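This briefing covers a single protein chain, grouped by topic. The sequence and structure come first, and the notes follow.

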Amino acid sequence: MTRRHGYALLSAIVAVIVGLSAAIYLGAAADGTSNGSTLAGGRSPRNSAAPASTGIWVGAWSASPAGAEPGTETGGMAGRSVRNVVHASVGGTSARVTLSNLYGQSPLTVTHASIALAATSGTAAANAGTMRRLTFGGSTAVVIPPGRQMLSDAVRIALPQGSDVLVTTYSPSSSGPVTYHPHARQISYLAAGDRTEDVTGGGYTEQTPFWRYLTALDVLSNESDGTVVAFGDSLTDGITSGLGANHRWPDFLSRRLRSAIGSGQDLPRYSVVNQGISGNQVLADGLGRPADNPSGLLRFSRDALSRTNVKVVVVDLGVNDILRNPRLADPGKIVGGLRTLVREAHARGVKVVGATLMPFRGHRGYTPAREAVRRQINAEIRSGRVYDAVVDFDKALRDPYDPRRLRSDYDSGDHLHPSDRGYAKMADVFDLDDLKGAAPAEL
C-alpha cells in the first residue's frame with residue numbers, strides 16, 4: 001500500500017467514526033427527552049444546561065407519589081407557588097428533579113420552577129447566590145400529561161451533602177388532583193402567585209406537611225457510585241420520627257455509611273433514598289385508578305428499580321398485610337410476594353437486603369393469631385430463602401423480656417412504630433458489608 005493510499009484509508013476511517021459518533025449523540029439526546037411530556041408553546045426539546053463537570057448521577061432524595069391529595073380535585077394548586085423542602089443525602093455539582101402528575105386528571109402546566117439551597121433550616125428563604133431556574137428540554141415551561149412524570153434538565157449548582165434544598169414550582173391552572181406524599185415529616189411552604197424565585201421567602205405565608213409534585217432529586221456526584229433504595233411502609237416513611245429532624249432509619253443509615261467510609265472502611269460509596277409509603281402492603285392496592293397507596297408488587301419497578309443508578313434495595317414490608325387484612329393473613333402469600341420483588345430486582349442486576357418484621361403487641365391490631373403469622377414470615381426470611389441478605393430489625397428492637405412487643409425506649413408509644421432512638425437502632429444493626437457485591441444469578 002502506498003503512503004497516499006494509506007492516508008486516504010485513514011481519512012475514510014475517521015469520517016466513519018465521526019459519523020457514527022454524531023448518530024449516537026443525536027439518538028441519545030432524542031431518547032433523553034422521550035418521556036411523555038409536551039413543552040409549552042410547542043418548542044423543540046433541547047438540553048442547553050448539560051453539566052460540564054464529571055461524576056455519576058445518583059439519587060440524593062426521593063419520595064414515592066402516594067396518592068391524590070384530598071380537596072384538590074377542582075382547583076389543584078392553580079395560581080400558587082409550591083416550595084418543597086428536601087434533604088440531600090449526598091452532595092453534587094449539578095442537579096435535576098422529577099415532577100409527577102401521576103394522579104392528575106388533566107395536563108399539569110408548570111410555567112416556572114426553581115432550585116436553591118435553603119438559607120437556614122426551618123425557613124422558606126433561599127441562599128440568594130444559589131437560586132437557579134429549572135428548564136425542561138430547554139424550556140422554562142412544561143406540560144405534564146396526567147399519569148406521567150417529567151425529568152428536568154441538569155442545572156449547575158453546588159449542593160453539599162446534608163443540605164436542605166428548596167424546589168419550587170408554579171402552575172397557573174388546575175390539573176385536577178395533586179400528586180402528593182402526605183407524611184413528609186418536613187415542613188414545606190405555599191405562596192399566592194408566582195414567587196418561584198423569591199429568595200426572601202416572605203411570600204410563603206402557609207406551611208404544609210406534604211410534598212407535592214416533586215418525587216426525586218438527583219445529583220451529579222463525585223461522592224457516590226450508586227444509590228441504595230429503602231422500600232417499605234410507615235416504618236420506612238418514618239411517620240413517628242422527629243419533625244424536620246431527618247431521623248427516619250434511612251436517614252440514619254445514610255449518615256452511618258458516610259461516616260464509615262470517611263473513617264477508611266472498605267465500603268461502597270452509595271447514597272440512600274427513601275421510598276416508603278405509610279400503610280403500604282406487599283399484596284393489596286388502595287382505592288382508585290391509579291390506586292392510592294399501590295401495593296409493593298405494583299410500585300416496585302417504578303419506585304425502586306427505576307431510581308437513578310440503583311445498586312441495592314432494602315425491603316421492609318409485610319406488617320400491614322398482617323394488620324390490615326380483615327381475615328387472618330396467609331404467610332405463604334406474603335412471602336411469595338416478597339420473593340417476586342427479589343426476582344424482579346435480580347432481573348435488573350439489583351441486590352436485595354430484606355428486613356424481618358418487628359413486633360406489635362400492645363397495638364390495637366394485635367392478636368395472638370397475627371403474632372403467629374409474623375413469626376412464620378420471619379422464620380422464612382431468616383432461613384435465607386427470600387432475600388440476598390437479612391437485617392434483623394425484629395431481634396434488634398424487641399423487648400428481651402417479651403419478644404412480642406417493642407422495647408420501651410425504642411417504642412414511639414403506639415407499640416408499632418419506633419421512636420427516634422428506635423430508628424437509629426435500625427440503622428445501627430444494618431451490616432454495611434451487605435451493601436457489597438451484586439445480585440446473584442439465582443437465589
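Predicted model: local features only at pLDDT ≥ 70, side-chain atom pairs only at ≥ 80, totals over all residues.

Pro290 is placed in the loop between S19 and H4. The peptide bond that joins Arg289 to Pro290 is cis, with omega at about 0°.

**Helix H4 and its cover**

- Helix H4 takes in residues 296-305, and its buried residues are Gly296, Arg299, Phe300, Asp303, Ala304 and Leu305.
- An α-helix has 3.6 residues a turn, so residues three or four places apart point the same way.

**The loop between H4 and S20**

- Ser306 sits in the loop between H4 and S20, and Asn309 is in the loop between H4 and S20 as well.
- Ser306 counts as partly exposed because its relative accessibility is 43%, a value between the limits of 20% for buried and 50% for exposed.
- Apart from neighbours within four places in sequence, the contacts of Ser306 are with Ser301 and Arg348.
- Towards Ser301, a polar atom of the Ser306 side chain lies 2.8 Å from the backbone oxygen.
- Towards Arg348, the C-alpha to C-alpha distance from Ser306 is 9.7 Å, across 42 residues of sequence.
- Asn309 has a positive phi, near 55°, and is a residue other than glycine.
- With a relative accessibility of 26%, Asn309 counts as partly exposed.

**The six-stranded sheet**

- Six strands form an open sheet with antiparallel pairing, in the order S8-S7-S12-S4-S14-S15.
- Strands S8 (132-133) and S15 (206-208) are at the edges; each has a single partner strand, so one side of each has no neighbour in the sheet.

**The three-stranded sheet**

- A sheet of three strands is also open and antiparallel in its pairing, with the order S3-S13-S16.
- Its edge strands, S3 (67-68) and S16 (211-212), each pair on one side only.
- S3 pairs with strand S13 (residues 179-181) over two bridges, in the antiparallel sense.
- Tyr180 in S13 is the bridge partner of Gly67.
- Arg185 belongs to the loop between S13 and strand S14 (188-192).
- The phi of Arg185 is positive, about 55°, although Arg185 is not a glycine.
- Arg185 is partly exposed, since its relative accessible area is 24%.

**Nonpolar cores**

- In soluble globular proteins, nonpolar side chains tend to be buried together.
- The largest nonpolar core has 35 residues, and those touching the most other members are Val97, Ile115, Leu159, Val165 and Leu217.
- Another core, of 32 residues, lies apart from that one; among its members are Leu338, Val342, Ala345 and Phe360.
- Which residues does Val97 contact, leaving aside its neighbours within four places in sequence? They are Ile115, Leu134, Met150, Leu151, Ser152, Val167, Leu214, Ala216 and Leu217.

**Strand S9**

- Strand S9 covers residues 142-144 and contains Val142.
- Is Val142 buried or exposed? Val142 counts as buried, because its relative accessibility is 0%.
- Between Val142 and Leu108 the C-alpha separation is 8.1 Å, although 34 residues of chain separate the two.

**The chain as a whole**

- There are nine helices and 24 strands in the chain.
- The chain has 443 residues, of which 53% count as buried.
- Its accessible surface is about 18400 Å², and carbon and sulfur atoms account for 52% of that.
- Of the contacts between residues at least 6 apart in sequence, 80% join residues at least 24 apart.

Terms used: Residues numbered from 1 in each chain as written. Heavy atoms only, no water. Buried < 20%, exposed > 50% of the residue type's maximum accessible area, 1.4 Å probe, protein only. Helix = DSSP H or I, 4+ residues; strand = E, 2+ residues; numbered from the N terminus. Pairing = 2+ DSSP bridges. Core = buried A, V, L, I, M, F, W, Y, C linked by side-chain atoms within 4.5 Å. Contact = heavy atoms within 4.5 Å. Areas by Shrake-Rupley, 256 points an atom, 1.4 Å probe, with all protein chains shown as cover. Polar contact = N/O pair within 3.5 Å; in protein donor to acceptor, adjacent residues only side chain to side chain.
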